[in-house]
Amino acid sequence: APAAMEQVLRAEIASAPAAMEQMLRAEMNHMLETASSKLGRQALAQSAELTTVRNSIGATSSCVKAMVQEESTQRASDIMGLSKRLDAIEQATARISGLEELCKDSQVAAVSPGLLLE
């Protein structure tokens, strides 16, 4: 019986490293699966974050484009207003020149009867 017992113990001792290795492998596989699924979840979260950032950039870009468009429309409107004012000023200047000519003519006309009398 002691010989048989010794044989069983020897068999257990011989198989211990293999059993230990198998247990370690199982543990490592479990750890790898856990890490892998964690990385997968993180990747999904980062992907969602990137999508949010991309959408935010898109929205900001659209907003800026709209603001620029509005600003340039406003400027064009301002320029049109200024252009009309300038036209009005030019017309007024032309009228003033015309009036000056009339004044000179009337001055000459006012002076000439006296000239005619001499």
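Guide: This is a predicted model. The protein has 1 helix and 0 strands.

Visitor: What makes Met5 a residue of helix H1?

Guide: Helix H1 comprises residues 2-117, and Met5 is found in that helix. Arg41 lies in helix H1 as well.

Visitor: What share of the 118 residues is buried?

Guide: Buried residues make up 0% of the 118 residues. The term requires a relative accessible area under 20%. The accessible surface of the protein comes to about 10800 Å², and 65% of that surface belongs to carbon and sulfur atoms.

Visitor: Why is Arg41 called exposed?

Guide: Exposed means over 50% relative accessible area. Arg41 has 53% relative accessibility, and therefore counts as exposed.

Visitor: Why is Cys63 called partly exposed?

Guide: Cys63 has a relative accessible area of 44%. The class lies between the limits of 20% and 50%, so this value falls within it.

Visitor: How many disulfides does the structure hold?

Guide: The structure holds 0 disulfides. To be counted, a pair of cysteine sulfur atoms must lie within 2.5 Å.

Visitor: What makes Arg10 and Glu6 a salt bridge?

Guide: The closest N and O atoms of Arg10 and Glu6 are 3.0 Å apart. The cut-off is 4 Å between a side-chain nitrogen of Lys or Arg and a carboxyl oxygen of Asp or Glu, so the pair qualifies. Both residues lie in helix H1, 4 residues apart, about one turn of the helix. Arg10 counts as exposed at 56% relative accessibility, while Glu6 is partly exposed at 42%.

Visitor: How many salt bridges does a search of the whole structure find?

Guide: The search finds 3 salt bridges. Glu21 and Arg25 form one of them, at 3.1 Å from N to O; these two residues are also 4 residues apart in helix H1. Glu21 is partly exposed, with a relative accessible area of 41%, and Arg25 counts as exposed at 53%.

Visitor: How do you know that Glu71 and Arg75 form a salt bridge?

Guide: Their closest N and O atoms are 3.4 Å apart, and the limit is 4 Å, so the pair meets the criterion. Glu71 and Arg75 are separated by about one helical turn because they are 4 residues apart in helix H1. Glu71 is partly exposed, with a relative accessible area of 41%, whereas Arg75 is exposed, at 53%.

Visitor: Which residues make the nonpolar surface patch of about 330 Å²?

Guide: Met5, Leu9 and Ile13 make this patch. Membership requires over 30% relative accessible area. Met5 has 54% relative accessibility, so it passes that threshold. The value is also over 50%, and Met5 therefore counts as exposed.

Terms used: Residues are numbered from 1 along each chain as its sequence is written. This is a predicted model: local features need pLDDT of at least 70, side-chain atom pairs count only at pLDDT 80 or more; totals for chains, interfaces and linings use all residues. Side-chain values use heavy atoms; hydrogens and water are left out. Buried means under 20% relative accessible area, exposed over 50%, partly exposed in between (1.4 Å probe, protein chains only). Patches are made of residues with over 30% relative accessible area and no salt bridge: like charges are joined within 9 Å, nonpolar side chains (Val, Leu, Ile, Met, Phe, Trp, Tyr) within 5 Å. Accessible areas come from the Shrake-Rupley method with a 1.4 Å probe; for residues, only the protein chains shown count as cover.
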